[in-house]
Amino acid sequence: QVQLVESGGGLVQAGGSLRLSCAASGSTFSIKATRWYRQAPGKQRELVALISSDGSTNYVDSVKGRFTISRDNAKNTVYLQMNSLKPEDTAVYYCNAIIFVSYDASYWGQGTQVTVSS
């Protein structure tokens with residue numbers, strides 16, 4: 001079984017930084033694309049950033065220049081470095097990965113709360 005475990009959320013003042021981690025563990029696997037989503041209260045889940053198996057990245061416009069997604073293949077971990085945080089970044093952040101074990105499947109982490117105070 002494959003599990004995704006997120007960490008790194010918390011409370012930070014506007015302008016501050018946090019780094020989220022998404023660690024994959026379990027059966028032998030090959031991680032393809034990994035995405036970070038977020039969901040604020042009363043809003044739909046939003047794709048924030050993704051990193052493909054070839055290392056290419058993409059971001060939603062609202063976080064470009066502030067967030068950076070990266071990957072440590074040796075640790076099977078994907079990071080989301082969040083700088084210059086704004087109150088509107090407050091949400092539960094989820095990681096999602098497409099992982100090949102015996103076939104491609106989509107896995108979700110449990111979510112981590114990020115709260116940015118003004």
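These legends describe close-up views of a predicted model. In this predicted model, local features need pLDDT of at least 70 and side-chain atom pairs count only at pLDDT 80 or more, while totals for chains, interfaces and linings use all residues. Residues are numbered from 1 along each chain as its sequence is written, and side-chain values use heavy atoms, with hydrogens and water left out.

**View 1. The disulfide of Cys22 and Cys95**

The structure holds one disulfide, a term used here for a pair of cysteine sulfur atoms within 2.5 Å. A disulfide is a covalent bond between the sulfur atoms of two cysteines. Cys22 and Cys95 are joined with an S to S distance of 2.1 Å. The link is right-handed, with 60° about the S-S bond. Cys22 sits in strand β3 (residues 18-26) and Cys95 in strand β9 (residues 91-100), so that the pair links distant parts of the chain, 73 residues apart. Strands (E, at least two residues) and helices (H or I, at least four) are DSSP runs, numbered from the N terminus. Cys22 counts as buried because its relative accessible area is 3%, and Cys95 is buried at 0%. Buried means under 20% relative accessible area, exposed over 50%, and partly exposed in between (1.4 Å probe, protein chains only).

**View 2. The largest cavity and its lining**

One cavity of 30 Å³ or more is present, and the largest cavity has a volume of about 40 Å³. On a 1 Å grid over the protein atoms alone, a cavity is a set of points where a 1.4 Å probe fits but cannot get out; a pocket is an open set with protein on both sides within 12 Å along at least five of seven lines; and lining residues have an atom within 4 Å of a point. Grid points are joined across faces, edges and corners, and a volume is the space filled by probe spheres set on the points. The lining of the largest cavity consists of Leu4, Cys22, Ala24, Ile31, Thr34, Asn76, Thr77, Val78, Ala97 and Ile99. Two or more lining residues come from each of β3, β4 (30-39), β8 (77-82) and β9. By class, the lining has seven nonpolar residues, three polar and no charged. Ala, Val, Leu, Ile, Met, Phe, Trp, Tyr, Cys and Pro count as nonpolar, Asp, Glu, Lys and Arg as charged, and the others, Gly among them, as polar.

**View 3. Asn76 and Thr77**

Asn76 is placed in the loop between β7 and β8. Its phi is near 50°, a positive value in a residue other than glycine. Asn76 is partly exposed, with a relative accessible area of 31%. Thr77 belongs to strand β8 and is buried at 7% relative accessibility. A polar atom of the Thr77 side chain lies 2.9 Å from the backbone oxygen of Lys75. This is a polar contact: a pair of N or O atoms within 3.5 Å, where within protein one must be able to donate a hydrogen and the other to accept it, and residues adjacent in sequence count only if both atoms are side-chain atoms. Leaving aside neighbours within four places in sequence, Thr77 is in contact (heavy atoms within 4.5 Å) with Ser21, Cys22, Ala23, Ser70, Arg71 and Asp72.

**View 4. Arg66 and Ser84**

Arg66 is in the loop between β6 (57-59) and β7 (67-72). Arg66 counts as buried because its relative accessibility is 9%. A polar atom of the Arg66 side chain lies 2.9 Å from the backbone oxygen of Ser84. Apart from neighbours within four places in sequence, Arg66 is in contact with Gln81, Met82, Asn83, Ser84, Leu85, Lys86 and Asp89. Ser84 lies in the loop between β8 and β9 and is partly exposed, at 40% relative accessible area. Phi of Ser84 is near 50°, a positive value in a residue other than glycine.

**View 5. The largest pocket**

The largest pocket holds about 190 Å³ of space. Its lining has 13 residues, of which Arg38, Ala40, Lys43, Glu46 and Glu88 are the closest to the pocket centre.

**View 6. Ile98 in strand β9**

Ile98 is partly exposed, with a relative accessible area of 23%. Neighbours within four places in sequence aside, Ile98 is in contact with Ser30, Ile31, Lys32, Ala33, Arg35, Asp104, Ala105 and Ser106. Ile98 and Lys43 are 55 residues apart in sequence and 24 Å apart in space, C-alpha to C-alpha.
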